[in-house]
Amino acid sequence: MPKNSKVVKRELDDEVIESVKDLLSNEDSSDDAFKKSELMVDDQEEKDVDVEEGSDVEDERPAWNSKLQYILAQVGFSVGLGNVWRFPYLCQKNGGGAYLVPYLILLLIIGIPLFFLELAVGQRIRRGSIGVWNYISPKLGGIGFASCVVCFFVALYYNVIIGWSLFYFSQSFQHPLPWDQCPLVKNASHTFVEPECEKSSATTYYWYREALNISSSLSESGGLNWKMTICLLAAWVMVCLAMIKGIQSSGKIMYFSSLFPYVVLLCFLIRGLLLNGSVDGIRHMFTPKLEIMLEPKVWREAATQVFFALGLGFGGVIAFSSYNKRDNNCHFDAVLVSFINFFTSVLATLVVFAVLGFKANIINEKCVIQNSEKILKLLKIGNLSQDMIPHHINFSSITAEDYNLVYDIIQKVKEEEFDSLGLKSCQIEDELNKAVQGTGLAFIAFTEAMTHFPASPFWSVMFFLMLVNLGLGSMFGTIEGIITPIVDTFKVRKEILTVICCLVAFFIGLIFVQRSGNYFVTMFDDYSATLPLLIVVILENIAVTRIYGIDKFMEDLKDMLGFSPSQYYYYMWKYVSPIVLLCLLVASIVQMGLSPPGYNAWIEDMATEEFHSYPTWGMIVCISLMVLAILPVPIVFMVRRCNLIDDSSGSLASVSYKRGRIIKEPVNLEGDNTSLIHGKSPSEVPSPNFGKNIYRKQTGSPTLDTAPNGRYGIGYLMADMPDMPESDL
């Protein structure tokens with residue numbers, strides 16, 4: 001071949017290569033332009049569209065790595081500190097083993113059905129609480145916002161309790177434990193026991209004076225407690241780091257935070273059963289007092305415990321279930337998690353009363369020794385006759401049974417002057433009847449019992465590490481109830497929102513780490529959640545059964561689960577649960593009205609608690625907490641009712657889809673692509689510009705429509721949709 005012909009061929013080859021490069025670059029830019037293009041349709045116009053239809057919906061939404069991870073998340077959220085320090089107290093206060101009967105009945109009537117309802121709507125609509133209730137009824141969209149507000153209020157003080165647990169955890173690496181003995185005070189002449197501690201006890205003194213350094217009233221701030229401020233900051237840092245990636249980060253932590261408490265509870269149960277007196281505590285705990293079951297108060301407290309134990313109304317249940325696959329068996333999940341929660345409460349009750357039985361025996365032994373010494377003194381001075389004492393009694397090693405025998409004899413013989421002798425009966429039941437709950441159980445009664453354990457620092461570390469994990473599990477669900485709805489609705493970055501939320505909560509939470517902070521914790525616990533959450537759950541039930549339609553909801557469940565749920569749920573949701581919830585709401589309002597609003601203040605001079613009424617500004621704060629929590633419901637209702645928000649501009653009621661289904665539009669489209677998206681007629685569309693336009697299947701075109709570059713155009717997206725004029729988009 002001539003030389004010049006080779007040159008020509010090389011030039012032609014170069015042109016071909018350049019053309020291929022251009023073609024590939026055009027193809028990529030076309031794909032990029034296509035990938036950025038999205039559709040936007042208002043929820044009001046497409047209300048009947050099946051939100052979860054198709055496996056390709058919401059591909060970008062995170063999902064649980066496994067079913068186990070999801071179950072542990074729900075268990076971690078529902079099983080919290082209340083299972084350890086609230087349920088045992090209610091059980092002991094309301095009839096012992098008989099209390100389990102009303103609790104189980106109410107668990108079946110309101111607990112499992114409402115828990116199943118929240119799991120189902122979250123899984124069906126795949127949104128947080130705001131998106132779920134906006135979809136079901138935009139006028140009731142305030143339910144989701146109210147859930148977020150309540151979650152925020154609860155998170156503010158709940159993390160303070162985690163901070164307290166962290167403080168005790170950090171102080172447990174000492175032997176002896178710092179709350180084992182009362183501190184000594186030295187002055188110029190002699191050394192004596194701290195009077196405040198001597199009047200109360202070592203653990204009580206440590207809690208109020210060393211840990212909280214508590215003030216004498218709500219109005220007396222006393223400044224920040226720097227130790228608790230650091231612990232609160234550490235607690236919020238832990239929550240932030242665990243939640244910053246959503247379920248992708250918190251889900252992995254659930255393996256430890258949800259399972260570790262069970263390991264500790266089992267260890268404590270085994271150790272507790274080996275302690276002297278543990279059987280007395282368990283026997284006292286589960287001895288049924290059937291007559292108490294007939295009191296309305298018992299049923300009200302059982303219903304409240306069921307309600308809060310499962311986390312109903314918080315939004316965390318909905319948020320967690322929204323990351324499930326559409327065909328997940330949420331009915332099985334509801335029953336499983338509910339009964340795990342119940343058996344955890346029973347396990348914790350066994351542990352608590354085994355340990356309290358041991359503590360009661362130790363206190364009873366001290367009581368016997370002290371009163372035996374009193375009897376010996378009375379015998380020496382002649383106030384009592386030696387003939388009254390049985391011959392086999394040896395006061396140097398007297399047992400509780402022998403002391404009770406002597407006590408009964410003296411009481412009968414010296415009936416008139418018995419009270420002046422100052423003798424105590426020293427009964428274990430009297431000690432066990434002293435009902436303790438909440439912080440008093442965890443940070444006073446239980447810590448005192450652990451000081452008598454062999455290797456007490458080890459058990460103290462385990463116990464407070466368990467409390468931290470129980471608290472964190474519930475906090476993850478609570479924060480998810482805030483973050484997920486806001487991210488779904490406003491399309492903000494989850495990482496930024498999580499950091500901002502935790503920072504704001506920490507700075508507001510500084511009011512709880514003042515010297516008067518414990519009183520604010522009590523205020524928020526009493527007023528920020530109870531009534532608002534009851535109202536939220538009642539409205540949730542009404543929204544599903546009356547607004548959305550119970551029959552339609554049952555059909556959705558059948559389609560989602562692959563089987564028809566029992567008609568039991570139909571009647572529970574439609575009739576029984578709303579009536580029970582309304583009765584509980586009325587009973588709570590009446591109880592709140594009859595109980596004087598106030599708090600128990602610690603009086604340093606008397607070394608005891610004293611009830612104080614809230615000042616005027618305190619009452620305003622209490623009322624404001626309840627009003628602010630429920631205020632979003634009427635506000636959103638009026639906004640929707642009066643059409644103050646234009647839904648066509650990407651409102652809170654819109655829902656998102658991918659691949660040719662409804663989606664929210666997070667980017668502004670440019671160029672010719674917008675003409676297709678917004679439905680311009682073909683005459684309005686500019687002439688094709690290679691590499692810029694996307695192509696659409698036209699009526700009568702081949703099944704696989706192709707663009708000039710030989711690649712599939714938008715037709716592969718629209719393959720499952722019928723041909724329609726562009727204006728229908």
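The structure, a predicted model, holds 54 aromatic pairs, a pair being rings of Phe, Tyr and Trp (its six-membered ring) with centres within 6.5 Å, called stacked when the planes are under 30 degrees apart, edge-to-face when over 60 and tilted otherwise. In this predicted model, local features need pLDDT of at least 70 and side-chain atom pairs count only at pLDDT 80 or more, while totals for chains, interfaces and linings use all residues. Residues are numbered from 1 along each chain as its sequence is written, and side-chain values use heavy atoms, leaving out hydrogens and water.

Y103 belongs to helix α5 (residues 100-125) and F342 to helix α15 (residues 330-381), so the pair ties together parts 239 residues apart in sequence; helices here are DSSP runs of H or I with at least four residues, and strands are runs of E with at least two, numbered from the N terminus. Y103 counts as buried at 1% relative accessibility, where buried means under 20% relative accessible area, exposed over 50% and partly exposed in between (1.4 Å probe, protein chains only). F342 is buried too, at 6%.

Next come Y519 and Y599, a tilted pair because their ring centres are 4.9 Å apart and their planes at 45°. Helix α22 (residues 517-527) holds Y519 and strand β3 (residues 598-603) holds Y599, so this pair ties together parts 80 residues apart in sequence. Both residues, Y519 and Y599, are buried.
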